[in-house]
Amino acid sequence: MLASLTAVLLLLRSQRWVLAGIATTGLGIKPQLLWLVLMAILLSAIRERRFRFLLAAALTCLVCWAGAIALDPAALHYLRDASGPTLEISCGARGLLRLIFGVQHTWLQWLPCVPGAVWFILDWKKHSTRWVWRERLPLLLLVSLASSPYLWFHDFALALPSFVALAARGAWRSPAVIAGWFALQLIIVAPEFIPIEHIRLVEPTLSALWIPFWILASRAAMALPEGNDEPAGDRPSQSNEALVL
């Protein structure tokens, strides 16, 4: 999924719409994780009238489904039979809510999507006329993951581009940001060593703390003076920063 996301961004940047649409289907491996990213891609394509992109993505999905069904005609039945039991499993913040208020309340699984959707609507309304992926994607990734209806701790590996972008903006030059990074890492992994039942549900819940950390660290990076102690060739340019994403 990280490879697909990188490919999509680079292909969109070079205006290769058909190839970008094909690459987008790789994000459908676990669409619930990057659901806000997929929504932003869809709305951007519609607003800019990139119908070749949309058609390429739709046709690629159909080809993938057709290939799976050709290999095993029962593939659709497997998906249908697996979706119900999957939602019965408690995981992430929504699992913690069900543990508190009752595991029988499966609708709590979708509750974290509400603040995520509200934030996305407000963010899109504010920036849609000038949507720059290099600027909007890092925080969008974190919110999409934190508000996912089905999330495990290891799924936060998809947040890696957000922190690569943070480093590219110079946040590493702030000792407070570095100290905060390590402190937050320790807080998130601490439940792993606590012998309490269901304690692992806390890990992905605590991972949502990356959102306020990223916002504060990004502001700290913007407040830092321009570094003059690096050779000019070692400083990342704006184009290189975009290429990282």
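Analyst: This is a predicted model. Arg47, Glu48 and Arg50 are linked in a network of salt bridges.

User: What is the N to O distance in the salt bridge of arginine 47 and glutamate 48, and are the two side chains buried or partly exposed?

Analyst: Arginine 47 has a relative accessible area of 36%, and glutamate 48 has 35%. Because buried would require under 20% and exposed over 50%, both count as partly exposed. Their side chains meet in a salt bridge with an N to O distance of 3.5 Å.

User: Which residue forms a salt bridge with arginine 136, and in which helix does that residue lie?

Analyst: The closest N and O atoms of this salt bridge are 2.5 Å apart, and both partners are buried. The pair links distant parts of the chain, 13 residues apart, with arginine 136 in helix α8. The partner is aspartate 123, in helix α7 (residues 113-127).

User: How many salt bridges does a search of the whole structure find?

Analyst: Among them is the pair of arginine 130 and glutamate 135, at 3.4 Å from N to O. Arginine 130 is exposed at 54%, whereas glutamate 135 is partly exposed at 30%. The search of the whole structure finds five salt bridges.

User: Which elements give two or more residues to the lining of the second largest pocket?

Analyst: The second largest pocket, with a volume of about 440 Å³, is lined by 20 residues. That lining divides into 13 nonpolar, two polar and five charged residues. The elements that contribute two or more residues to the lining are α1 (2-13), α3 (35-47) and α8 (133-146).

Key: Residues are numbered from 1 along each chain as its sequence is written. This is a predicted model: local features need pLDDT of at least 70, side-chain atom pairs count only at pLDDT 80 or more; totals for chains, interfaces and linings use all residues. Side-chain values use heavy atoms; hydrogens and water are left out. On a 1 Å grid over the protein atoms alone, a cavity is a set of points where a 1.4 Å probe fits but cannot get out, and a pocket is an open set with protein on both sides within 12 Å along at least five of seven lines; lining residues have an atom within 4 Å of a point. Grid points are joined across faces, edges and corners, and a volume is the space filled by probe spheres set on the points. Helices (H or I, at least four residues) and strands (E, at least two) are DSSP runs, numbered from the N terminus. Ala, Val, Leu, Ile, Met, Phe, Trp, Tyr, Cys and Pro count as nonpolar, Asp, Glu, Lys and Arg as charged, and the others, Gly among them, as polar. A salt bridge is a side-chain nitrogen of Lys or Arg within 4 Å of a carboxyl oxygen of Asp or Glu. Buried means under 20% relative accessible area, exposed over 50%, partly exposed in between (1.4 Å probe, protein chains only).
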